[in-house]
Amino acid sequence: MIRLKGIAAAPGIKTGLAYKIGREDFSIPKQSIKPEEIPLQIQLFEEALIQTRREIIDLQKRIASDLGQEEAEIFDAHLLVLEDRMLIEEVISRLKKDNLSVAFIFSEVLKKYIDVFSKIEDEYLKERIADINDVGRRILRNLLGKEQKKSLVDLKEKVVVVSHDLSPSDTAAMHKQSVCAFITDIGGKTSHTAIMAKALEIPAVVGTEQATQIIKSDDFLIVDGSMGIVIVNPDEETLEIYRQEELKLKGLSDKYLLDKDLPALTKDGKIVEIVANIEFPDEVPTVKLHGGLGIGLYRTEFFYMNRKDLPTEEEHFQAYKYVAQEMKPYPVIIRTLDLGGDKFLSQFEIPKEMQPFLGWRAIRFCFTKPDIFKLQLRAVLRASVFGKLKLMYPMISGIEELRQANNILEECKKELKEKRVAFDENIEVGAMVEVPSAALTADILAKEAHFFSIGTNDLIQYALAVDRTNEKVAYLYEPAHPAVLRMVKNVIDAAHQNNIWVGMCGEMASDETFILLLLGLGLDEFSMPSLAIPQIKHLIRSISMEEAKKIADEAMSLTSAKEVNAFMQRKLKEVKR
Ligand code: PEP
Ligand code: MG
């Protein structure tokens with residue numbers, strides 16, 4: 001029995017057999033095949049080559065039209081790698097001889113090529129390594145993609161996926177597959193992979209650093225996504241302890257569920273809004289099931305994932321219309337495309353950046369792609385007559401960006417008016433406050449926004465210089481840091497002084513530790529994963545505003561995250577008693 005400690009990314013306890021997914025480097029597990037499987041393996045290889053060729057040609061066409069012919073010709077070298085007879089023949093002859101999977105053999109042959117090229121003292125040939133690397137990865141992805149997708153869908157029993165890393169789109173693709181939990185080597189608590197796991201209600205432990213080295217396929221695992229613990233091949237006694245724990249958790253959540261429809265009303269009569277974060281329209285029933293009275297953050301970028309083309313205006317419109325109608329009369333806040341950071345989309349071929357979270361992301365991306373941005377804005381406007389839709393922009397860093405986005409919105413309104421298309425003329429438009437510069441100029445922004453939503457997932461990483469997806473610095477990722485708390489307070493105060501409301505849609509808004517503090521600071525709306533709603537409503541009903549304000553005052557006078565955490569834990573216990 002081995003116990004691994006990682007980061008608790010999505011709550012719940014599950015047991016199941018390990019199912020390892022190879023990472024996209026060249027260390028593919030050595031897997032034997034039967035001689036009769038060789039023709040199928042050759043066919044898989046050929047299909048992967050054809051698919052890769054198609055992808056490179058598409059990419060070349062796009063680059064030729066966006067940047068010019070010369071830039072597109074760079075990819076000729078990639079196509080040449082695909083046609084390299086020596087490489088292809090070596091793979092096929094080893095496949096016939098060694099009885100190992102084509103993915104493994106191909107990865108071995110690639111490693112050998114890269115090794116040979118890197119030893120040659122010739123600048124031109126050295127440069128070709130990057131091409132081989134790049135094309136090699138593409139081929140492997142296509143090879144593995146096919147094998148994995150097929151096998152995950154075909155599985156009879158639910159498995160625990162074990163992977164070095166999972167991108168948010170990989171996780172989104174687990175949607176309807178046989179996955180009961182997942183574990184990764186890397187990643188942080190507020191990475192979009194973790195957020196997606198919560199949305200899909202799949203318990204997850206990330207940042208274990210060594211899961212893929214320690215766990216073998218078909219090991220029996222306990223995944224405790226609430227505590228961030230994985231137990232490999234547990235003994236009967238441990239298994240029984242976790243079975244009991246699972247029942248306890250279930251009992252607790254059932255208890256909270258009973259009261260899910262009671263309002264989030266403090267003992268002295270203040271109502272706060274408890275709403276949900278969603279990534280897909282089909283989460284709406286789950287929101288209702290957990291007593292969510294509205295949607296405070298609809299992350300629309302997942303709409304673009306796991307597809308080859310871009311969603312049309314009509315597709316956007318239908319999705320927003322559905323959510324608006326289903327949630328009516330409650331509000332639905334649609335956040336415009338927040339691409340970049342840890343969310344990449346193959347359709348845009350965004351170049352790899354050194355610091356993607358500081359780079360071409362969210363509203364910055366939308367400003368350089370006005371067609372894509374306007375298409376989404378028009379769809380939201382058109383859908384706004386079917387319910388109570390609101391709009392908000394991600395990553396606003398200052399007033400100029402807010403104005404620029406609003407100007408583009410005005411253009412869309414004008415276009416719709418000219419075409420006599422109906423929309424809600426009074427649609428509320430807010431700014432996410434998730435960049436420190438916005439938090440510190442909230443008084444300026446508040447004069448031109450209808451509301452704020454504090455995005456603590458990003459605000460914390462930018463304020464404390466801690467990558468939210470990096471397990472190595474996860475211990476520094478502290479919502480309780482006085483710098484974060486002061487920014488949050490500043491935003492709430494600035495909003496109220498300017499008579500606008502302020503919500504929070506980062507994960508901090510569903511962390512029990514901070515609810516009393518945020519309530520005391522005057523936060524008007526808490527937006528969170530649906531699963532957390534009943535419990536947080538229950539907590540808010542256990543305290544008065546007067547008590548919460550006292551707690552907030554005292555917490556704000558403390559000098560370190562450690563002190564704040566200890567103080568808040570103590571208060572939480574007292575209130576729950
Ligand atoms: C945030 O940053 O807190 C937020 C809600 O947005 P996202 O997690 O999608 O970056
Ligand atoms: Mg964010």
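Is K30 buried or exposed? K30 is exposed, with a relative accessible area of 64%, where exposed means over 50% relative accessible area, buried under 20% and partly exposed in between, computed with a 1.4 Å probe on protein chains only. This is a predicted model, in which local features need pLDDT of at least 70 and side-chain atom pairs count only at pLDDT 80 or more, whereas totals for chains, interfaces and linings use all residues. Residues are numbered from 1 along each chain as its sequence is written, chains are lettered from A and ligands numbered from 1 in the order in which they are written, and side-chain values use heavy atoms, with hydrogens and water left out.

**Metal site**

- E434 (OE) and D458 (OD) coordinate the magnesium ion (ligand 2) at 2.0 to 2.1 Å; donors are N, O and S atoms within 2.8 Å of the metal (3.2 Å for Na, K and Ca), and sites may look incomplete because water is not among the atoms.
- This pair links distant parts of the chain, 24 residues apart: E434 lies in the loop between β13 (428–433) and α16 (436–440), and D458 in helix α18 (residues 456–464).
- Helices (H or I, at least four residues) and strands (E, at least two) are DSSP runs, numbered from the N terminus.
- Both E434 and D458 are buried.

**Ligand 1 and its surroundings**

- There are 17 residues around ligand 1, of which H192, R299, E434, N457 and R468 come nearest; a residue is near a molecule or strand if one of its heavy atoms lies within 4 Å of it.
- An N or O atom in the side chain of R299 is 2.7 Å from an oxygen atom of ligand 1; a polar contact is a pair of N or O atoms within 3.5 Å, and within protein one must be able to donate a hydrogen and the other to accept it, while residues adjacent in sequence count only if both atoms are side-chain atoms.
- The side chain of D458 has an N or O atom 2.9 Å from an oxygen atom of ligand 1.
- For T456, a polar backbone atom is 3.1 Å from an oxygen atom of ligand 1.
- Ligand 1 exposes 290 Å² when taken alone, and the protein buries 100% of that; accessible areas come from the Shrake-Rupley method with a 1.4 Å probe, and for residues only the protein chains shown count as cover.
- The elements that give two or more residues to the shell around ligand 1 are α8 (192–199), β10 (295–299) and α18.
- Helix α18 gives three residues, the largest share of that shell.

**Backbone geometry**

- Most residues other than glycine have a negative phi, and most peptide bonds are trans.
- K328 and P329 are joined by a cis peptide bond with omega of about 10°, and P329 is found in the loop between α12 (313–327) and β11 (331–335).
- E209 is not a glycine, yet has a positive phi of about 70°; E209 is found in the loop between β6 (204–206) and α9 (211–214) and, at 43% relative accessibility, counts as partly exposed.
- N233, also not a glycine, has a positive phi of about 50°; N233 is found in the loop between β8 (229–232) and α10 (236–258) and counts as partly exposed at 35% relative accessibility.

**Selected positions and separations**

- K30 is found in the loop between β3 (13–21) and α1 (38–66), and its C-alpha atom is separated by 5.9 Å from that of F104, 74 residues apart along the chain.
- L339 lies in the loop between β11 and α13 (362–368) and is buried, with a relative accessible area of 1%.
- The C-alpha atoms of L339 and C366 are separated by 8.6 Å, and the two residues are 27 residues apart along the chain.
- V488 has its place in helix α19 (residues 482–497) and is buried, with a relative accessible area of 0%.
- Between the C-alpha atoms of V488 and G207, which are 281 residues apart along the chain, the separation is 27 Å.
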